[in-house]
Amino acid sequence: ARYWTMAGHRAVERSANLEAIQHLLKALDVSAELPPSPDRRQQEVDLLMTLGSAYTATKGFGALEVEQTSQRVRDLCRNMGEARRARPALQGLRVLYMVRGDLDAAAALGEELLREGGGSPLHRFEGETALGVVDVFGGRLKSAVDRLERARGLADHARQVSLVQQPTGSLEVVCLGPLSGALYLTGYPERSSELRAEALRIARTYAHPFTLAQALGCTSNINAVRRLATDLETASELLAIAEEHSFDFWKAWGRAWCGWARVNAGEPENGLGELRQSLAEAEAMGAEMIAAQILVPLATTLGRVDKIEEARALLERQRHTAARTGIRFWDSLVHVADAELLRAGPKPDWGAIEAALEKAIIVARSQNSRMLELRAARDLARLWAERGEQRRALDLLSPVYAWFTEGFDTPDLVDA
């Protein structure tokens, strides 16, 4: 078992995860033939934690193999009276539930990391990060920023964790990416940009492809919300790394944002195929978290190529997904996309368009999303201005724009 274990660890270290899985499964088979003993249980825990990281990389965060392996580690550690040792497995389960769209289960594991950490700075970092990420996707942006900022203050402790048995890659990057996104949405684009650059810099120093994919994925996700055509370079790098190392989760993510970047570059027909394919890949993995983020860009793209009814069906699906999972990240943008589709019809219903944009503003304000409030207010102000209501438009947009203190070259602020 020792030989196969060492071979598995070395394979994971060089990101040869498919090879690592074969070695680690062989090690587990050999270990199972040994007489029961504390040493054998310790060995099994070590093997399973490394195997969980390899499964996560190759099959995606939400894979059944990840769940089974992580749960086995958790059970073994509890039976051994070493619950804290199961920390990487808890992280694996927490992300698995996030990806599957079960935010309540993910939050419960975040609370468990905080509760059972005994005040350990590392466990506080992990717990605050876990709950902060749940808050981002749940649309509770102020809480997300507060938690992730607290976690960032403990980042020194996260750097001490080996990546071999860490299913999420670098814990520091896991914190910085969502924090950057939350700061962008809450109206701090320059701080957001600084953290994105920091996350990428850290990721590139590790020479660990999965961590780099994590950083590129977060950057692409934020740029997708910003609707940047220039993000094609970042998304393409993510897709290339994912294809080279068989990172199925990041493959779907990278393909989605490659497609969306092409749409924002004025090539909706070219981007449509990639968005459709990425949605199918996410569905095949049971990755609700990815699917929930693709539906609005895909619906918007379909509207731009005159597939209005299919686009509306996707927006309705997104509403049901949000209600079922609690993933509220895109709620305001659903109403903005709805308004765009209503406007694209042969006989626009101006009252319905206005109502959709007013809902978008209300939702954005409830989530403390200053950037999405600005986007919806800008669209509504334009609508009113086109009807000759310039004073009303100015009264709506001016105070929203005046709130901002940075990032005036950001596309949303430039457009406003």
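The lining of the second largest pocket is made up of three nonpolar, six polar and four charged residues. Here Ala, Val, Leu, Ile, Met, Phe, Trp, Tyr, Cys and Pro count as nonpolar, Asp, Glu, Lys and Arg as charged, and the others, Gly among them, as polar. This is a predicted model, where local features need pLDDT of at least 70, side-chain atom pairs count only at pLDDT 80 or more, and totals for chains, interfaces and linings use all residues. Residues are numbered from 1 along each chain as its sequence is written, and side-chain values use heavy atoms, with hydrogens and water left out.

On a 1 Å grid over the protein atoms alone, a cavity is a set of points where a 1.4 Å probe fits but cannot get out, while a pocket is an open set with protein on both sides within 12 Å along at least five of seven lines; lining residues have an atom within 4 Å of a point. A volume is the space filled by probe spheres set on the points, which are joined across faces, edges and corners.

| Space | Volume | Lining by class |
|---|---|---|
| Largest pocket | about 220 Å³ | four nonpolar, no polar, seven charged |
| Second largest pocket | about 150 Å³ | three nonpolar, six polar, four charged |
| Largest cavity | about 340 Å³ | 19 nonpolar, five polar, one charged |
| Second largest cavity | about 140 Å³ | nine nonpolar, one polar, four charged |

Start with the pockets. Among the residues lining the largest pocket are Arg227, Glu340, Arg343 and Asp415. Helix 18 provides the largest share of that lining, four residues; helices are DSSP runs (H or I, at least four residues) numbered from the N terminus. In the second largest pocket, 13 residues form the lining, and Pro189, Ser193, Arg196, Asn223 and Arg226 lie nearest the centre.

Now for the cavities, of which the structure holds seven of 30 Å³ or more. The largest cavity has 25 lining residues, with Val133, Phe137, Pro178, Gln214 and Cys218 closest to its centre. Helix 10 gives the most to this lining, six residues.

Finally, which residues touch the most other members of the largest nonpolar core? They are Trp250 and Ile290, in a core of 140 residues. Such a core is a set of buried (under 20% relative accessible area, 1.4 Å probe, protein chains only) Ala, Val, Leu, Ile, Met, Phe, Trp, Tyr and Cys residues joined through side-chain atoms within 4.5 Å. Beyond its neighbours within four places in sequence, Trp250 is in contact (heavy atoms within 4.5 Å) with residues including Phe61, Phe210 and Gln214.

Methods
Helix = DSSP H or I, 4+ residues; strand = E, 2+ residues; numbered from the N terminus. Buried < 20%, exposed > 50% of the residue type's maximum accessible area, 1.4 Å probe, protein only.
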